[in-house]
Amino acid sequence: MQKVIIQLGTLTCPSCMQKIENAVGQQSGVDKVKVLFNASKVKAEIQPDKTSPEALKQVIENLGYEVEGIKVKELA
């Protein structure tokens with residue numbers, strides 16, 4: 001299990017947050033996802049054998065949002 005933190009460009013509305021949460025949450029291998037509106041961050045727990053941080057980045061960019069950085073932590 002991995003915890004992925006994706007830094008986004010500035011989010012401008014709460015509906016943007018919901019749109020990203022729904023799209024990322026529907027991806028195979030994503031166990032949890034939460035978008036932090038004020039911090040413009042996406043936090044997700046993923047199964048690395050089923051998806052990758054890069055795949056989540058692509059989903060977000062396909063929605064039209066800018067990804068500024070990705071951090072990954074291994075969970076025990």
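Leaving aside neighbours within four places in sequence, which residues is Gln-2 in contact with? The views below, taken from a predicted model, start there.

**View 1. Gln-2 in strand β1.** Gln-2 is in contact with Ala-44, Glu-45, Ile-46, Pro-48, Pro-53, Val-72, Lys-73, Glu-74 and Leu-75, once neighbours within four places in sequence are set aside. With Glu-74 there is also a polar contact, side chain to side chain, at 2.8 Å. Gln-2 counts as buried because its relative accessibility is 12%, under the 20% cut-off.

**View 2. The largest nonpolar core.** Here you can look into a set of 19 residues, in which Ile-6, Leu-8, Ile-20 and Ile-60 have the most contacts. At least two core residues come from each of β1 (2–8), α1 (14–25), β2 (30–36), β3 and α2. Helix α1 gives the largest share, 5 residues.

**View 3. A closer look around Ile-6.** Not counting residues up to four places away in sequence, Ile-6 touches Ser-40, Lys-41, Val-42, Leu-56, Lys-57, Ile-60, Val-67, Gly-69 and Ile-70. One of these, Ile-60, is also listed with Ile-6 among the core residues with the most contacts.

**View 4. Thr-51 in the loop between β3 (41–46) and α2 (53–62).** Beyond its neighbours within four places in sequence, Thr-51 is in contact with Ser-28, Gly-29, Val-30, Ile-46 and Leu-56.

Definitions and conventions:
Residues are numbered from 1 along each chain as its sequence is written. This is a predicted model: local features need pLDDT of at least 70, side-chain atom pairs count only at pLDDT 80 or more; totals for chains, interfaces and linings use all residues. Side-chain values use heavy atoms; hydrogens and water are left out. Helices (H or I, at least four residues) and strands (E, at least two) are DSSP runs, numbered from the N terminus. Contact means heavy atoms within 4.5 Å. A nonpolar core is a set of buried Ala, Val, Leu, Ile, Met, Phe, Trp, Tyr and Cys residues joined through side-chain atoms within 4.5 Å. Buried means under 20% relative accessible area, exposed over 50%, partly exposed in between (1.4 Å probe, protein chains only). A polar contact is a pair of N or O atoms within 3.5 Å; within protein, one must be able to donate a hydrogen and the other to accept it, and residues adjacent in sequence count only if both atoms are side-chain atoms.
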